[in-house]
Amino acid sequence: MGKPTGFLEYSRQGNPGQSPLERIKHWNEFHPMLPEEERRKQGARCMECGVPFCQSGVELAGMFTGCPLHNLVPEWNDLIYTGNLDQALARLTKTNSFPEFTGRVCPALCEAACTCGLNGDPVTVKENELAIIEAGFASGAMAPQPPRVRTGKRVAVVGSGPAGLAAAQQLNRRGHTVTVLEREDRVGGLLMYGIPNMKLQKEIVARRTGLMAAEGVVFRTSCDVGRDVSARQLLEEYDAVILCCGAKKPRPLPAAEGVDGAYYAVDFLTSTTRSLLDSGLAKGTYINAGGRDVVIVGGGDTGNDCVGTAIRHGCKSVIQLEMMPKAPDSRAANNPWPQWPKVCKTDYGQEEAIAVFGGDPRRYQTTVKECRTDENGVLCSIVTVKLEPKVEGNRHTMAEVPGSEEELPCQLLLIAAGFLGPEDYAADAFGVDRDGRSNVATVPDVYSTGVEKVFAAGDMCRGQSLVVWAIAEGRAAAREVDRYLMGYSGLE
C-alpha cells in the first residue's frame, strides 16, 4: 500500500464529461480521461483492504456485488499510484480479457463493494482500469500474443459477443485453432450492434478483434449457424463447439403487436449503428426518430440508450415508461453496503433529455394499454395506464389503476422490455436442452450441454446479463473445453 492515507487526502474525481447539449451533437464517446498525475491520486485512494470486497463477485440478498472476474483491484490501484503501469497492465489482463470494454460499459459492481463507499465515495475502479488498458495500447504493450505451439485441436465459437470473444481468446492462446462464426456483417455481437457508439466506439471493438486475428483467431462474418451452416457440419469439422449466441429474443408488448411505427429497441439501435458505420447516417438506412414523438417502454440501460439515440436523431419529444416504482435516491436501511445499491440512477440519456426538453423523461408505474393509428394504419398515439403494486398470495404483481388512462402523441414506439432468452433456431439446430427460462441448460460450472462436443456460455445459458459476466463465463467455458480436449487445463 503505497499511500496509506490516500483515501483521507484525496477526493474521488471521475473522468470529465462533455455537457449534454454539446455531446448530443456527435456520436462519439464524451468522457476524456484524467491526466496521469490525477489518475495516480485516484489509485492512491484505494485502501487495499484486508478483505477486498471489490474483487469478491458474490451474491448478497439476491444480487451480485464485487467483480465477477475477481480482478486484482487493490494490486493495480497501488501500481497506478506508484506509476508502474506495465506491471498494472500485467495484473489487470491476468483476469480480464477486455478491460477496454468493461472500463467503458460495466456498471462497476466493484465500486458498489468498495470499502471507501461505506462512509464516502468509492474508488474510481472502473476508470482506473480503463486508464491502464488504454495506456497499454498507447505504449505498444498490447501486442499480439500468438501461441508458441498448436495442439492440433479445432474449436468453433458461435457468436462474437463478449462471451464468444473471451472464450476464443483463451483457447487460442492455449494453442487450439479457433474459428469464430458471426451472423452479422461485423464482429462484436452486442458490443458492435447492441451498445451505441457514444458508449463504446466501434473502433475500440475492431482494435481488439484485429489483435485477436493477429494472434491467430479466425473470424467468419455473415455466417448464420443453424441456417447458413448446419450444426452437423460444425460437429464434423471441429473437436468442440461453444454456443455464445446471446439472449436476443425480445420480450413483446402485446398492445404494440403488428403496429406500423412500433419497433424493438435492439432493432432501432442496430439500425442506427450500422448506418453510422456504413455511411455516417447519410444514406438514411435506419429507423429514424427525427421529428417524431418517441415513447420508450423499459427503464433499463437499453431504454436509456434509446433515449440518447433518439435525441441525437433530433426527436420532437421523448418519454420513457417504467412499470416499476421509482427506486430511492439513496440506500434504504434494508439495502446496506456491500450489497448492490438499489438506488435511482440518472444515466446519460436521461441527463440529455433533461437538458433538451427540461424534464426527466421517465414515468414510473406506467405501461402502454393501447396503440392508435391514423387512416393509413400508422402509429399516431398511445394510451398509457398507471400501475400499482398488488399482492396475490405470495405473488407480487403490478395491476392497472382504473380510470388512469392518458393519451400521448407517439409516432415511434420502442420496446425495451428485456429479453426472453436465446433465439430458438441455433439452439434447436444442436438439439440442446433448455431450462425453465428457455435458456440453454448446462452443467453448473462445466458449461457442457449434454450434447457431445457442445458447450454454451454467456447470456445464452445465463439469460440477459452484463458484459462482465459474459467475459467471466467465456473464460470459464474455455477452461472446461480445454479440459475436455486435453484432459487437464492450465487456463485461469
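The structure is a predicted model, in which local features need pLDDT of at least 70 and side-chain atom pairs count only at pLDDT 80 or more, while totals for chains, interfaces and linings use all residues. Residues are numbered from 1 along each chain as its sequence is written, and side-chain values use heavy atoms, with hydrogens and water left out. Helices (H or I, at least four residues) and strands (E, at least two) are DSSP runs numbered from the N terminus. Buried means under 20% relative accessible area, exposed means over 50%, and partly exposed lies in between, for a 1.4 Å probe and protein chains only.

**Helix H9**

- Helix H9 covers residues 162-174, and its 13 residues reach 18 Å from the first C-alpha to the last, which is close to the 18 Å expected at 1.5 Å a residue (the expected span is 1.5 Å times one less than the number of residues).
- Because 12 of its 13 residues are buried, H9 is largely enclosed by the rest of the structure.
- Just after H9, Gly-175 takes a positive phi of about 115°.

**Backbone positions in loops**

- Trp-337 and Pro-338 are joined by a cis peptide bond with an omega of about 5°, and Pro-338 lies in the loop between strand E9 (317-322) and helix H15 (348-357).
- Leu-281, a residue other than glycine, has a positive phi near 70°, and its place is in the loop between helix H13 (265-279) and strand E8 (293-297).
- With a relative accessibility of 15%, Leu-281 counts as buried.
- Tyr-447 is also a residue other than glycine with a positive phi, near 70°, and it is found in the loop between helix H16 (424-430) and strand E16 (454-456).
- Tyr-447 has a relative accessibility of 11% and therefore counts as buried.

**Salt bridges**

- The structure holds 39 salt bridges, a salt bridge being a side-chain nitrogen of Lys or Arg within 4 Å of a carboxyl oxygen of Asp or Glu.
- Side chains of opposite charge can pair when their charged atoms come close.
- One of the salt bridges joins the side chains of Glu-22 and Lys-25 at 3.2 Å, N to O; Glu-22 is partly exposed, with a relative accessible area of 39%, whereas Lys-25 is exposed, with 63%.
- Another salt bridge is formed by the side chains of Arg-173 and Glu-215 at 2.9 Å, N to O, and this pair links distant parts of the chain, since Arg-173 belongs to helix H9 and Glu-215 to helix H11 (residues 202-215), 42 residues apart.
- Within that pair, Arg-173 is partly exposed, with a relative accessible area of 27%, whereas Glu-215 counts as buried at 2% relative accessibility.
- Asp-424 forms a salt bridge with Arg-434, and their closest N and O atoms are 3.2 Å apart; this pair, too, links distant parts of the chain, with Asp-424 in helix H16 and Arg-434 in the loop between H16 and E16, 10 residues apart.
- Asp-424 is partly exposed, with a relative accessible area of 35%, and Arg-434 also counts as partly exposed, at 26% relative accessibility.
- Glu-184, Asp-185, Arg-186, Arg-274 and Asp-278 are linked with one another in a network of salt bridges.
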